Amino acid sequence: MAANPDTPLFNRTRQAREAEVMLNKLIDEFDDNPASMHYFYDLFRRLFIQGEKVAHPPGAQIGITCIQAPEELIRAVGAIPIRLCNGAYHYDQIGADLMPAKSCSLVKATLGRLHDHEQGVPRVGKLEAIINPSTCDQKKKAGVMMEELGYQVHDLEFPNVKESEPARIYWQRTVRELAVTLQRLTGRRVTRKNLNTAMARTRRAQMAFRALHNLRRKAPSLILGKDVFLITNAYFFDDLERWTSAVEALVAELKQRQQNGFNAAQKKAPRILFTGSPPVFPNLKLPLLIEEAGGVVVADETCSANRMLYDLPAVDEWRVNHMIDALADHYLKPCTCPIFTRNDDRRRRLLDLARDFAADGVVYQAFSGCQVYEMEQRSVARTLQEAGIPMLYVETDYSPDDMGQLSTRIEAFLESIKTRKRQARTQRA
Amino acid sequence: MIRSARWVDRIDLQRFRFWVQLTAFVLLVYGGYLALDLGSQLPIFSCGYNREGRAGVCYLLPLQHQLARPWTQLFSFAGIGLLTGFATFLLWFIVLNKGWCGFICPLGTLQDWLTAIRKRLGIRYSLYGERTFNRLSWVKFVLLALLLLIPLGIGGGFWSHDWGAPFCQICPGRVILPLFTGDPEQLTVDFSSVGTTLLTGGGMFIAGLFIAGSFFKKRFFCFFCPMSALHYLIAKPALLKLKKEGAKCTKCGNCFNVCDMEIRAIADDIERTEIMTDDCTLCLKCVAACPEPGALKVEFARINIFEATEDGFLKRMNQGAPRDGSKP
């Protein structure tokens with residue numbers, strides 16, 4: 001290990017300590033973690049606490065700042081997409097020098113990590129370019145700041161209306177131009193063959209995710225939400241095939257658990273649907289608090305998990321042009337991001353998930369400064385109220401200071417759900 | 001039962017459709033040689049001008065002839081023939097609904113074959129786009145109205161019989177389908193009067209347009225088909241149904257993306273449960289391309305016979321991808 005002289009130093013950095021505290025809680029405070037989760041625990045330990053570099057086959061690494069950057073195109077030209085969205089409070093504070101104080105933690109942390117260049121954790125090495133979809137205002141403006149930090153940034157023009165046909169055409173054109181940019185960047189053409197291979201690889205990963213997702217419908221629960229967030233977070237930077245195989249192994253283990261009648265949570269654990277601002281390691285405090293308090297996160301509607309991996313594209317004629325258009329549709333039409341003018345689809349999706357996963361309540365996380373999530377709170381709350389589903393709205397950021405206060409609120413919320421269920425049972429009886 | 005339903009949901013729809021269409025085409029275009037006769041009330045373009053080979057006749061031909069009877073006859077004894085004819089047509093139709101278009105109609109099949117040739121040649125398809133689509137959607141209803149009104153006018157003595165069976169004269173089926181039994185007789189313009197010249201000339205022109213159009217645009221002609229319009233008007237009691245469960249739909253647009261007819265409502269309409277629109281041909285490609293379990297399904301007499309599943313979707317997408325040894 002002498003090859004990495006800064007290792008002993010590294011694990012005493014603030015970033016590493018923050019990650020270690022969170023990871024230890026995620027692992028040690030729960031019994032019966034699935035054996036297949038050790039791949040992911042180990043991965044996060046090595047990358048975030050020991051500062052190891054992510055192992056990837058050779059290829060240009062391309063940063064992406066949102067799920068709307070079509071990863072299949074990046075993989076088709078032999079490059080590796082690295083999602084840069086960061087969850088570290090340490091980087092949030094560094095990023096605060098670059099963004100206004102009241103900005104979203106995630107955007108600040110992403111900038112803060114990029115500020116550390118190749119030392120930024122997780123360490124992925126040199127980024128050839130960053131693809132920055134023009135989604136919310138903060139991410140839009142962060143693009144130029146990344147450029148000032150010395151990165152080559154490609155703004156991906158993303159419409160903020162998704163229902164209209166002009167928006168769809170506009171976005172299809174954007175994605176086609178991205179293909180040209182990537183070709184220029186890597187010197188490799190997007191062909192029918194390599195795009196098909198890339199799509200098949202992503203599809204396999206998505207199907208693995210769906211298998212895991214579907215297993216979470218089961219009551220009693222087979223896996224805790226904190227583990228699933230860790231898994232989908234790993235998708236940001238891990239090698240695709242390694243990640244997929246690890247998830248497939250986990251799915252097999254969970255199926256075994258199901259046969260054995262295993263319960264990952266307490267017997268009457270309230271089933272929680274998580275929505276809003278994305279939990280990104282090490283900021284898994286809200287899912288952690290929910291599950292520490294005896295709840296279980298059974299599903300989510302966030303761009304760090306479900307929204308990133310759930311929807312599958314379909315192609316009618318397998319020619320490059322049609323494949324790219326189909327990919328464009330796939331990255332626009334089902335997206336429930338709050339940056340769009342309307343949020344009907346997001347509310348419908350929440351209702352569908354709540355029903356399908358028999359959720360007892362919804363926890364809505366909004367990062368302070370994330371205006372769009374804050375603004376959608378009322379309409380989402382109303383929709384859920386009409387459906388008789390209780391919701392807890394939590395405005396927070398990456399700072400660990402509010403954990404005590406949040407834990408009280410969450411315990412009260414879970415308790416109220418249990419009371420509701422008890423009352424419903426006695427009424428029925 | 002559940003086992004077999006699972007198997008059906010994983011079907012390679014494209015291949016299944018190809019064989020059904022081929023069989024139907026051969027039967028309808030050449031069945032006459034085997035003395036097969038399914039009558040003359042078929043809800044598809046099994047062209048009556050294909051005199052030797054036809055195994056049944058498109059209902060639009062006898063319908064226009066019957067409507068052109070003198071009104072004194074039409075509103076007395078001939079009316080009975082008209083009604084029984086329509087009843088027979090209706091009985092045929094309700095079995096498959098617009099599935100006749102997507103699976104049986106020889107003219108529809110021909111368009112799909114032209115599409116297959118284009119695909120082989122590696123040429124991209126063209127689309128109408130939303131604006132043109134909206135502009136074109138009423139054309140088939142106007143054609144339907146004309147094909148009913150012109151013969152009625154003939155019967156009432158307003159026009160001469162030169163305008164008889166007007167739609168058949170301009171239908172590409174009349175010009176093209178007889179060619180399959182080696183009969184080029186319809187490949188002519190009838191200059192005997194102004195009416196026949198205009199109609200048969202138009203027929204030649206439209207036949208050319210049909211071939212060129214459906215080469216570049218999937219199901220080019222179906223947008224204008226008055227039979228399709230007639231189908232839509234009587235679709236309520238049909239047995240084969242395309243159903244959508246809006247709550248399960250993520251609006252991902254896969255169904256719209258693969259739709260030959262560019263029907264946007266299939267993806268965006270989350271209210272209607274019976275989602276077959278006027279342009280739909282019930283080809284069921286949308287169901288095959290849907291990854292949301294149960295969001296789209298096909299029912300026959302209220303029995304679920306085919307529905308969207310993750311499994312089926314995955315199998316079809318892995319299969320549909322080009323087979324050039326590029327398996328991951």
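**Reading burial, contacts and confidence in a predicted model**

Modeller: A:D238 lies in the loop between α10 (225-234) and α11 (240-259) of chain A; helices (H or I, at least four residues) and strands (E, at least two) are DSSP runs, numbered from the N terminus. This is a predicted model, in which local features need pLDDT of at least 70, side-chain atom pairs count only at pLDDT 80 or more, and totals for chains, interfaces and linings use all residues. Residues are numbered from 1 along each chain as its sequence is written, chains are lettered from A and ligands numbered from 1 in the order in which they are written, and side-chain values use heavy atoms, with hydrogens and water left out.

Biologist: Is A:D238 buried or exposed?

Modeller: Buried means under 20% relative accessible area, exposed over 50%, and partly exposed in between (1.4 Å probe, protein chains only). A:D238 counts as buried because its relative accessibility is 4%.

Biologist: Which residues is A:D238 in contact with, leaving aside neighbours within four places in sequence?

Modeller: Contact means heavy atoms within 4.5 Å. By that rule A:D238 touches A:Y39, A:L43, A:H56 and A:W243. With A:Y39, the side chain of A:D238 also forms a polar contact of 2.5 Å. A polar contact is a pair of N or O atoms within 3.5 Å; within protein, one must be able to donate a hydrogen and the other to accept it, and residues adjacent in sequence count only if both atoms are side-chain atoms.

Biologist: Where is B:F75 found?

Modeller: B:F75 sits in the loop between α4 (71-74) and α5 (77-96) of chain B. B:F75 counts as exposed because its relative accessible area is 64%.

Biologist: How confident is the prediction for chain B?

Modeller: pLDDT is the predictor's confidence in each residue, from 0 to 100. Chain B averages 92, and 96% of the residues score at least 70. Over residues 324-328 of chain B, however, the pLDDT is below 50, and this stretch has nine contacts in the model beyond near neighbours in sequence.
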